[in-house]
Protein chains: 2
Amino acid sequence: MANDDSRPLTLRDVSEASGVSEMTVSRVLRNRGDVSQATRERVLEAAKALGYVPNKIAGALASQRVNLVAVVIPSLRNMVFPEVMSGISSVLEETDLQPIVAVTDYLPEKEERVLYEMLSWRPSGVIIAGLEHTDAARAMLKASGIPVVEIMDTDGIPIDAAVGISHRRAGREMAKAILKQGYQRIGFMGTKMPLDHRARKRFEGFTEALAKAGVEIADQEFYSGGSALAKGREMTRAMLKRDPELDFLYYSNDMIAAGGLLELLEQGIDIPGQIGLAGFNGVELLDGLPRRVATMDACRTEVGRKAAQIIADRIATGTVEDERVIELTPTISYGDTLKRR
Amino acid sequence: MANDDSRPLTLRDVSEASGVSEMTVSRVLRNRGDVSQATRERVLEAAKALGYVPNKIAGALASQRVNLVAVVIPSLRNMVFPEVMSGISSVLEETDLQPIVAVTDYLPEKEERVLYEMLSWRPSGVIIAGLEHTDAARAMLKASGIPVVEIMDTDGIPIDAAVGISHRRAGREMAKAILKQGYQRIGFMGTKMPLDHRARKRFEGFTEALAKAGVEIADQEFYSGGSALAKGREMTRAMLKRDPELDFLYYSNDMIAAGGLLELLEQGIDIPGQIGLAGFNGVELLDGLPRRVATMDACRTEVGRKAAQIIADRIATGTVEDERVIELTPTISYGDTLKRR
DNA sequence: TTGAAAGCGCTAACAA
DNA sequence: TTGTTAGCGCTTTCAA
């Protein structure tokens, strides 16, 4: 199986073992060009017997084509991103493209660094979360000459193309829905991260729509770190203690909303009569809770799918699509916690 | 910024722009060898002005070294794996190695396929979940000649090295702890996946330890798909209906255990007096629940860290460590749901 | 401290 | 249908 000196096997080894030229071996292994059935079988047999694994490094250099799509996201621990990845993978699996993931931890400098690393592998396309990047990162992406799809957000100008939702609009819509149900004294809880632009935009849209109706956030609190569920409980308890008159709580994500729900239920508070609740994301988790929390779907899998499709199409056709920005429309699930009292 | 024909920039472009040989430019960009301060600055300036991004494909081919570590895991949607990734990243970030992830969806054939893809990039090491692989996959890994660390499980013979816990032992320990607290009529709920070998081994260890004490599982149920939390609720409700005399419920993961907890609380059942509960994994999520569910930590971050450390050390020193198998010892958290009644 | 030459393992392009 | 030649963009090695 192994060769004498344990040097990795090359095309040449297969060529010698099968008595066929390197070029023909290469053709067989890539299913390219016309190769006779007999030759093909001889080559395949030899390759398998030797345990040959092609060297894509060399192949990519020679062909000037790399079947990799770089995916740059803030984190894997927020379930949102694995779901986006699912969408991306499901589309790319139909092609010969492969996603490679890098994580930025919500740090712009780290984003710049990992982007540089990824681009130095000369991928065929980039899918990157958000519209906010350092100047250097934007410059790199522009100069790369490959398709770049910014995902999850459409509030801004994309470098090349974008797929996502408008978080500002999402915040506004939720505010309108809450007001429409008659809630008036509204508290907000969310992550502290100043670099989570999408959460920030939702918050901005939310307060903006409230302001338009003459309503102001009654109380707000931000957290960082720890178990989101536990934080949701804690913050909710603290906020209700500060202001027992609150009649609605809006959370920047479903996990802390779930924590808030458990806290309110434990306190025996009437939901949604006395207090209403809403989160954001539409996570599957919520299905198992005692009440279905009101939320808004961020269309995560769909975003991944559409982004991957753009890249795949561009590479396949060599042309650029008309619509550079695809804004998906999230819908509100009212669940059991956002209802006329 | 961009060059005439939008061909990607090469070392040669930087060489011409700075008036220094390609070789010296290369040295500067890699911080290698002795280069005068003046030359270094000229080169760096030219590279930055042009927006040059090195081509790792060419670099890797020339140097025969690829700073990639392939990580092959079943899924990203099970929070266990992102946590393992965190451990891996935290160690590799201290080196010049970079993880690249591939997902198998618990399918052996897909594992084989993605492994082949990864190995064709000639990574410097492989971290792969589990000890069960197809023959072809094992052969590839053996023939690759690079360090291979199998993670999450130590019940079996590794190809090269392994870091994880013994799931059989984990199952046994939990069974012993439950029996010791006086519980006797025990139900089990878990995933249906026949390919989740670790869950299977825990179950086997669990029933084995019960048998030794003359106890048999009173009821069991397996699920697949859907929200784990919701499934936990449903299965728990169904099982209690079938056998209201059950005094303990053991779940194969914390998510369904949490669902079970919520169901029991809603039914007003005394926990742990009437019924005790335990899950597996020690997920952060549990912190926010009304009761802390008994569980067992799978040492996920630590597993990732240790595995990455093995790879990094092998590459740095060129030697192989003595201990090929590192078995970590999970500890039981009794929480509020596993206590003498 | 710098440069020139020779390849890394493969594939594009052309020839037979 | 198969083979030959000439690189891909870098780094290694050796010479200056």
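Select residues 9-63 of chain A. This stretch is 71% helix and 0% strand. Its end C-alpha atoms are 20 Å apart. An unreviewed UniProt entry places the feature "domain: HTH lacI-type" on these residues. Keep in mind throughout that the model is predicted.

**Domains of chain A**

Now colour chain A by domain. Domain 1 covers 11-55. Domain 2 is written in two pieces, 63-166 and 300-329. Domain 3 takes 167-297.

**The interface**

Show both chains and select the contact between them. Chain B gives 44 residues to the contact, and chain A gives 44 residues. About 4,400 Å² is buried between chain B and chain A. Carbon and sulfur atoms give 65% of that area.

Turn to the polar pairs. Between chain B and chain A, 16 residue pairs are in polar contact, both partners being at pLDDT 80 or more. Next, hide chain A and look at the side of chain B that touches it. Which helices of chain B each supply at least two residues here? They are α4 (56-63), α5 (80-92), α6 (108-119), α10 (228-242) and α11 (254-266).

**Salt bridges**

Bring chain A back and switch to side chains. Over all chains, the whole structure holds 55 salt bridges. How many salt bridges are counted between chain B and chain A? The count is six. Side chains of opposite charge can pair when their charged atoms come close.

Select A:Glu117 and B:Lys56. They form a salt bridge, with the closest N and O atoms 2.6 Å apart.

Then select A:Arg77 and B:Glu83. Their side chains also meet in a salt bridge, at 4.0 Å from N to O. The pair joins two chains, because A:Arg77 lies in the loop between β1 (68-73) and α5 (80-92) of chain A, while B:Glu83 lies in helix α5 of chain B.

**Backbone stops**

Finish with the backbone. Most residues other than glycine have a negative phi, and most peptide bonds are trans. Three places are worth a click.

- Go to A:Ile271 and A:Pro272. The peptide bond between them is cis, with omega near 0°. A:Pro272 sits in the loop between α11 (254-266) and β9 (276-278) of chain A.
- Move to B:Ile271 and B:Pro272. A cis peptide bond joins them, and omega is about 5°. B:Pro272 is in the loop between α11 and β9 (276-278) of chain B.
- Stop at A:Tyr106. Its phi is near 65°, a positive value in a residue other than glycine. A:Tyr106 is found in the loop between β2 (98-103) and α6 (108-119) of chain A.

Notes:
Residues are numbered from 1 along each chain as its sequence is written. Chains are lettered from A and ligands numbered from 1 in the order in which they are written. This is a predicted model: local features need pLDDT of at least 70, side-chain atom pairs count only at pLDDT 80 or more; totals for chains, interfaces and linings use all residues. Side-chain values use heavy atoms; hydrogens and water are left out. Contact means heavy atoms within 4.5 Å. Buried area is the accessible area (1.4 Å probe) that two parts lose on being put together, summed over both. A polar contact is a pair of N or O atoms within 3.5 Å; within protein, one must be able to donate a hydrogen and the other to accept it, and residues adjacent in sequence count only if both atoms are side-chain atoms. Helices (H or I, at least four residues) and strands (E, at least two) are DSSP runs, numbered from the N terminus. Domain bounds come from an automatic or database domain assignment. UniProt positions are given in the numbering used here, feature names are shortened, and annotations may be inferred rather than shown by experiment.
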